[in-house]
Amino acid sequence: MTLNVIIIDDHPLVRAGVRHELSKYPEEVRVIGEAEDVDTGIALVRELQPDVVLLDVHLPGGRGGGGAEIPRATADLPNVRYLALSVSDSPEDVVATIRAGARGYVTKSISTKDLVGAIIRVGAGDAAFSPRLAGFVLDAFGTREIATTDEELDLLSAREREVMRLIARGFTYKEVAGELFISVKTVETHVSSVLRKLQLSNRNELARWAAARNIV
């Protein structure tokens, strides 16, 4: 069975390169469309309803939440499956994209043969990850119980915990503000306070801190 694929990436050369490489495997995959941003990506997925969407995680458009917005916005299309294809291998991007609904995440250093294999696995409903990225997902989605007592967590107010969880999931400041009905400035203030109390330097460290405690 040949899988119908859409490529969503904001770089035309990347889309052309991926399309060319996938054309070497015509019995396995067929590229039926391309999009360059969140809004056109959502529209194209709804129009063509492909088997698999190859998704860059950093895309313009939408509400500023990147490629993760697309699987969220098309969650009512269960037969469309997403495979992230990105230059980023940060835990924050991986966890946020999988939480949004993607079934796999591979980096752009992947070989064409392995990419086709990943597309086939995702199309069949399985998961597919570049080797070192699987650990991030296991950490974030493991079976450990959520920590109920944690001295560091106790330092945070209830609102700071809400903001921390959303930021750790990969939400933008604007998305957090919309989710919690507060201003972006207030979100920035809470994030600064969280980082200071937990003695962390940035969002990536915060994402790892939250994932280690299974509280994302």
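This is a predicted model: local features need pLDDT of at least 70, side-chain atom pairs count only at pLDDT 80 or more; totals for chains, interfaces and linings use all residues.
**Entry 1**

Residues are numbered from 1 along each chain as its sequence is written, and side-chain values use heavy atoms, with hydrogens and water left out.

I took helices (H or I, at least four residues) and strands (E, at least two) as DSSP runs, numbered from the N terminus. Strand S1 covers residues 3-8 and is mostly covered, with five of its six residues buried. Buried means under 20% relative accessible area, with exposed over 50% and partly exposed in between (1.4 Å probe, protein chains only).

I noted that S1 and S2 (residues 29-35) run parallel and are joined by six bridges. Isoleucine 7 stands opposite glutamate 34 in S2. From S1 the chain passes through helix H1 (residues 12-22) to S2, a right-handed β-α-β crossover; right-handed means that, with the strands pointing away from the viewer, the path from the first strand over the helix to the second runs clockwise.

Strand S3 (residues 52-55) also runs parallel to S1, through four bridges. I recorded valine 53 in S3 as the bridge partner of isoleucine 6.

**Entry 2: the whole sheet**

I read the strand order of the open six-stranded sheet as S2-S1-S3-S4-S5-S6, with parallel pairing. S2 and S6 (128-129) are at the edges with a single partner strand each, so one side of each has no neighbour in the sheet. Two strands pair if DSSP finds at least two bridges between them.

**Entry 3: glutamate 160**

I located glutamate 160 in helix H7 (residues 158-168). Glutamate 160 is buried, at a relative accessible area of 6%. Its side chain makes a polar contact of 2.6 Å with that of serine 193; such a contact is a pair of N or O atoms within 3.5 Å, and within protein one must be able to donate a hydrogen and the other to accept it, with residues adjacent in sequence counting only if both atoms are side-chain atoms.

I then listed the contacts (heavy atoms within 4.5 Å). Leaving aside neighbours within four places in sequence, glutamate 160 is in contact with Leu155, His190, Ser193, Val194 and Lys197.
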